[in-house]
Amino acid sequence: MFLMSVGAEQISIEDCCKDGQKRGRDNEDCASLPLISESTTCRIVQEQCCVTVLEDNMCTTGINLAKEQGACDSLFTNTCETKTTKMCCDCCLLGKTAQDQGLPFDNSLSVGYQCGLVSRACSVDGVPDNQTAPTGQTERGYQHVCVAFPGKCAHSCVSKDTCACLKGFKLKPDGKSCEDINECLLGASNCRGGERCINTEGSFRCQREVSCGTGYELTDNNNCKDIDECETGIHNCGPEFECQNTQGSFRCIPKVKCGDGYIQDALGNCIDINECVSQAGPCHRGQVCINTVGSYICQRNSVNCGRGYHLNEDGTRCVDIDECKGPEKVCAGHGCINQVGSYRCECESGYIFNSISRLCEDINECRHYPGRLCAHKCENTLGSYKCSCTTGFKLAADGRNCDDLNECESNPCSQECANVYGSYQCYCRRGYQLSDIDGMTCEDIDECALPTGGHICAYRCHNTPGSFHCSCPVSGYTLALNGRSCQDIDECVTGTHTCAENQSCFNVQGGFRCLSFECPNNYRRVGETAARLERSDTIRCIKTCQPSDVACVLDPTHSVSHTFISLPTFRDFTKPEEIVFLRTTVPAYGSYHLGSYDVKFDILEGNVDNAFDIIKRVENGMYVGVVRQVRSLIGPLTTVLKLSMRNLTTQGDSGQNIINVHVFVSEFWF
C-alpha cells in the first residue's frame, strides 16, 4: 500500500513503520519524530511502530530482571518508562512461580494478553524468551509445542502461538524474527567502574577506559596484571645484581653477600660497621670498645689522670704538672704561678685573667667605660684603646675630643657650599637643582620640561643652562617685554603690508589682509575707502533705485554691509564667545500701531562646521543680534558669515539688511 509519491520515490506503510522502528531502537522520543511524509496515516504508523519497539525493549529488561534477580524491587518508581518494565517483570515472576511448583500456567487467568504471553514464556522449563538455552534442552522443552509448526520461529518457540529468542536477542514486532538487544543502551551490562560498555551481536563486552599504570598490562579478560620485568628482561640491574620482581616494579639485589660486621651500600660494596658507635655498651664496665675491620675488641681501662696531673714514672699514681715550667708558654708573656693541678697567670696592665680559658684577655676599656674615654668613638686595641671621630669631625690635640671639620675647604660641591656643625650642605644657583645621586653636583633644571612648562611661554620654550628663553612664530609676531608672551605685529600700522592704493589693509593675528569691496548694482557706498580698516569698521552699501526700475524697488534688501574680525584658535573652548553685535532701532515689545515691532536674525551662509550661531536679546530697550562662536575652529581658516536682519511689521516683512562678517581664524592661540 502506497500513501503518496514524492517525485519518482513512493513511500509505503512499511517504510513508515521501518523508520519508526529504527528511531525506537535509537531510543528517540516517539511523540516528536521527524515526519517522512505529510500523510497522517504515515505519522500514526511511525509513532506506533516506535512505541512497540520501546515497549518491547522495556519488557525484555523486566523479564531479564525477573530471571536474574528473582525480584522487581528496583522498579518502585512508577514512571512511564518503568511501568511496562515492571509489568513484564511481575508477569514473568508469575510464570516462574508456576514453574517452581511444577504446575502449568493457568491460561484462564484474566491478567491481560501481553502479561499472559510473558507468564507462559517464563513458565516453560529452562528457556525464558530472551535467554539462550542449550540445544538439547530446547528440543526437550519445546518439541511438543513446535513440532506442528516447523520454521515458524527464527530461534525457538515456547508454545503454539509464542516464539522466543536466544540470549542477547528480542522478538521483532512480527512475533517470529529476532534482533540484537543493546545491553549498553538499556543499562543491562555488568561493566565495572572505569570500564566502557561496547555492544556486540547478541551480547556485549567491557573495555577498560583508564590504563593500568606503570608496571602493569591489560589482559584479555580486561584485568590488570603485573609485568615481571625480571622475566621479560626489561630491568636495569647491573651484572653484580640479581633482579627480584615486585608488584608493579622490581628490585636489584646484590649477588655478593656481606659477612657479619659489614653493611652493603646501594652499589653493592661492603662497608665496615662501627659497633662501638652503632651498639649501646658492647663492652663490660671498666672496658673500652675499639672498632676493628669487620668486628671490635674490648680492652681494660688504664689509669687516667685528670687535667693538671700525669702518671708518675712507675705508672701507679698521678702527680701535679708544673705548667709554668713546661715547654708551652701557657701565659703568653704574662707572669705564671703554679697551683696544685692547675696554674694562674699574673696579667699585665690592660689585661684580666679568665679562670675558664686560663688565659690573659684584653680588658676592653671601651666596653667597661662607655662614653667616658672618647668623645665620639672608642676602638679597643690589644691592651689599650684609641679614639676616633665620626664623619664631619677631626680628632683634637688631646686625642679624645673631636673638633668640627670644615669640608667646604676641599670644595666638595660643584657650585655653593655651606659648612655646618659636623657636616656641610651643597647649594645650587638659580636655574639648577642638586643631584639626587651624590647630593653635591648641580644639574640644570629644564624649565620647559616641568609640568608647568607648557605655560611658561606663549609659543615655544627653549632650555638654556641655568635658564630658558621663549620664541614666537617667525612672522607676524614679536616677543613681548615680559619675554614670554607673543605680541601681534600690526603691519597696517607699521606700513610693512603690501596692499595696493585701492585696497584697505586689515590686520589679523599673525598677518594682514588686503581687502577691496564694490557695491552691487543699484547700491551706493556710504563713506570713502579707508587705507586701514579697524575691527569696528563697517563698509555699507545702501540701495539706490531709478524711478522706473520696479525690480529694484521691490527688492527687500535695503543695505549690504561688510565688517571684519580676527579670531585665534581656541585650545580650551569651554563656553560660547560673543564676537559680533548687530544693534537695531527696533524697540523691544513694540506695539502694532508703532510700525516695526520685531526683528529676526539669521545666518544664511558661511557657517563652517556650525561653529557659529546668532541669538537675539534686549539691551537698553532695543533688540540686539549677538553672533557667537559656539565651537572651536582650527586655523588658519577664512570664512564669510552672511547674516540677515529682517524687520517685521504689522503688514509682514518690511525689508532686510545683509551683513557680511569676514572671519579670519589664526593658526595660533594668541
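I take buried to mean under 20% relative accessible area, exposed to mean over 50%, and partly exposed to mean anything in between. I also note at the outset that this is a predicted model.

**Entry: a pair of phenylalanines**

I applied that scale to Phe573, whose relative accessibility is 22%, so I count Phe573 as partly exposed. Phe570 is partly exposed as well, at 21%. The rings of Phe570 and Phe573 form an aromatic pair of the edge-to-face kind, with 5.7 Å from centre to centre and 70° between the planes.

**Entry: other aromatic rings**

I looked up how many aromatic pairs there are, and the count is 13. One of them is Phe506 with Phe664, a tilted pair whose centres are 5.8 Å apart and whose planes make 40°. Phe506 belongs to strand E35 and Phe664 to strand E46, so this pair ties together parts that lie 158 residues apart in sequence. I checked the exposure of both rings. Phe506 has a relative accessibility of 3% and counts as buried. Phe664 is buried too, at 5%.

I then looked for rings that group together. Tyr459, Tyr477, Phe668, Trp669 and Phe670 make up one aromatic cluster.

**Entry: charges over rings**

Which ring does the charged end of Arg358 sit over? I find the ring of Tyr343 there, with its centre 4.9 Å away. I noted a lysine in such a place as well: Lys616 lies over the face of Tyr623, 4.7 Å from the ring centre.

In soluble globular proteins, nonpolar side chains tend to be buried together. I searched for such groups here. The largest nonpolar core holds 22 residues, and Phe612, Val661 and Val663 have the most contacts inside it. Strands E40 (557-567), E41 (577-587), E42 (598-605), E43 (612-619), E44 (622-629), E45 (637-649) and E46 (652-665) are the elements that give it two or more residues.

I picked Val663 and listed its contacts, leaving aside neighbours within four places in sequence. Val663 touches Ile565, Leu567, Phe612, Leu637, Thr638, Thr639 and Leu641.

Another core lies apart from the largest one.

**Entry: helix H4**

Is helix H4 mostly covered or mostly open? I find that H4, residues 113-123, is mostly covered, with eight of its eleven residues buried. The buried residues in H4 are Cys115, Gly116, Leu117, Val118, Ser119, Ala121, Cys122 and Ser123.

**Entry: disulfides**

How many disulfides does a search of the whole structure find? I get 32.

In the disulfide of Cys17 and Cys49, the sulfur atoms are 2.1 Å apart. The angle about the S-S bond is -105°, and the link is left-handed. The pair links distant parts of the chain, 32 residues apart: Cys17 is in helix H1 (residues 13-25) and Cys49 in helix H2 (residues 40-69). I checked whether the two ends are covered. Cys17 is buried at 17% relative accessible area, and Cys49 is buried at 13%.

Cys408 and Cys417 form a disulfide with 2.0 Å between the sulfur atoms. Why do I call the disulfide of Cys408 and Cys417 left-handed? The torsion about its S-S bond is about -75°, so it is left-handed. Cys408, at 16% relative accessibility, counts as buried. Cys417 is partly exposed at 28%.

Cys499 is joined to Cys514 by a disulfide with an S to S distance of 1.9 Å. I read -90° about the S-S bond, and this link is left-handed. Cys499 and Cys514 are 15 residues apart and link distant parts of the chain. Cys499 is in the loop between helix H10 (491-494) and strand E35 (504-508), while Cys514 is in strand E36 (residues 511-515). Strand E35 is also where I found Phe506.

Terms used. Residues are numbered from 1 along each chain as its sequence is written. This is a predicted model: local features need pLDDT of at least 70, side-chain atom pairs count only at pLDDT 80 or more; totals for chains, interfaces and linings use all residues. Side-chain values use heavy atoms; hydrogens and water are left out. A disulfide is a pair of cysteine sulfur atoms within 2.5 Å. Helices (H or I, at least four residues) and strands (E, at least two) are DSSP runs, numbered from the N terminus. Buried means under 20% relative accessible area, exposed over 50%, partly exposed in between (1.4 Å probe, protein chains only). A nonpolar core is a set of buried Ala, Val, Leu, Ile, Met, Phe, Trp, Tyr and Cys residues joined through side-chain atoms within 4.5 Å. Contact means heavy atoms within 4.5 Å. Rings of Phe, Tyr and Trp (its six-membered ring) pair if their centres lie within 6.5 Å; planes under 30 degrees apart count as stacked, over 60 as edge-to-face and the rest as tilted. A charge sits over a ring if NZ of Lys or CZ of Arg is within 6 Å of the ring centre and within 35 degrees of the ring normal.
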